[in-house]
Amino acid sequence: MFTHHAAWLIFCWLYIMSQIHIFSVGRWKKGPEKILYEHFQDRLQWEVMLHQLDDKASSFLTPQQVQQNQAEKLLNALAKNNSFYRIALDERGQQLTSTELATLMQQCFNRSQIPAFLIGGDHGLRADLVTSSKQTLAFGKTTWPHLLILGMLMEQLYRAQQILVGHPYHRGR
């Protein structure tokens, strides 16, 4: 017999299994990038947790030192959960279709892995963060502002969710 308790446990399990974390260097204030991000966050059924890490680098630091400081902050944040499936966003990464991204999200959820997207600052991610990630993705070959990438990623996550439930939002081939 199916009880309310069993239904609650299934709901909790599905909720936990559809968590996504985004670790991003830099913080935003008001602006169109934040509005875009929040627009798709409000529409998503998946729980997306955004971790914006301070990027208050001193002007006297070299780009390598800035990248080193950012990498240490990212690694400290990532160390709190060993079930993260790390996905680095880097211009040299693999370019997935929206359907392939949906499949990747479903595979993570099926394996009880929590997707964790890593977005670097102005100088990108340190090389070891990219190479130690399970996957490296790119939104094209061009360089995008890291705060704009947050909105683009959120739209793609929403699109992936809609693909998986068969919603007509995605009209791909």
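## The largest pocket

Sorted by class, the residues lining the largest pocket comprise nine nonpolar, nine polar and four charged ones. The model described here is a predicted one, and in it this pocket holds about 430 Å³ of space. Its lining is made up of 22 residues, and those lying nearest the centre of the pocket are Leu89, Glu91, Gly124, Thr143 and Trp144.

Two elements, β3 (84-94) and α6, each give two or more residues to the lining of the largest pocket. Of the elements, strand β3 gives the most to that lining, with four residues.

## The second largest pocket

The second largest pocket has a volume of about 150 Å³, and its lining divides into five nonpolar and six polar residues, with no charged ones. The residues that line the second largest pocket include Gln94, Gln95, Leu96, Thr97, Ser98 and Leu101, and also Leu137, Ala138, Phe139, Gly140 and Gln156.

In soluble globular proteins, nonpolar side chains tend to be buried together. In this model the largest nonpolar core has 27 residues, and the ones with the most contacts inside it are Ile20, Ile22, Val48, Leu104, Met105, Phe117 and Leu157. The elements that give this core two or more residues are β1 (19-25), α2, β3, α4, β4 (114-119) and α6, and among these α6 gives the most, with seven residues.

Leu104, one of the core residues with the most contacts inside it, is in contact with Tyr85, Ile87, Leu96, Gln135 and Leu137, when its neighbours within four places in sequence are left aside.

## Aromatic pairs

A search of the whole structure finds four aromatic pairs. In one of them, the ring centres of Trp46 and Phe109 are 5.1 Å apart and the ring planes stand at 75 degrees, so this pair is edge-to-face. Because Trp46 lies in the loop between α2 (32-43) and β2 (47-53) while Phe109 lies in helix α4 (residues 98-110), the pair ties together parts that are 63 residues apart in sequence. Both of these residues, Trp46 and Phe109, are buried.

Another pair is formed by Tyr158 and Tyr169, whose ring centres are 4.8 Å apart and whose planes are at 75 degrees, so that this pair, too, is edge-to-face. The pair links distant parts of the chain, with Tyr158 in helix α6 (residues 146-164) and Tyr169 in the segment after α6, 11 residues apart. Tyr158 counts as buried because its relative accessibility is 5%, under the 20% cut-off for that class, whereas Tyr169, with a relative accessible area of 22%, is partly exposed. Together with Phe40, the residues Tyr158 and Tyr169 form one aromatic cluster.

Gln52 is found in strand β2, and with a relative accessible area of 13% Gln52 is buried. When its neighbours within four places in sequence are left aside, Gln52 is in contact with Ser24, Gly26, Arg27 and Trp28, and also with Leu147 and Leu150.

Note on methods
Residues numbered from 1 in each chain as written. Predicted model: local features only at pLDDT ≥ 70, side-chain atom pairs only at ≥ 80, totals over all residues. Heavy atoms only, no water. Phe/Tyr/Trp six-rings, centres within 6.5 Å; stacked < 30°, edge-to-face > 60°. Buried < 20%, exposed > 50% of the residue type's maximum accessible area, 1.4 Å probe, protein only. Contact = heavy atoms within 4.5 Å. 1 Å grid on protein atoms, 1.4 Å probe; cavity = no way out; pocket = protein on both sides within 12 Å on 5 of 7 lines; lining within 4 Å. Points joined across faces, edges and corners; volume = space filled by probe spheres on them. Nonpolar A, V, L, I, M, F, W, Y, C, P; charged D, E, K, R; others polar. Core = buried A, V, L, I, M, F, W, Y, C linked by side-chain atoms within 4.5 Å.
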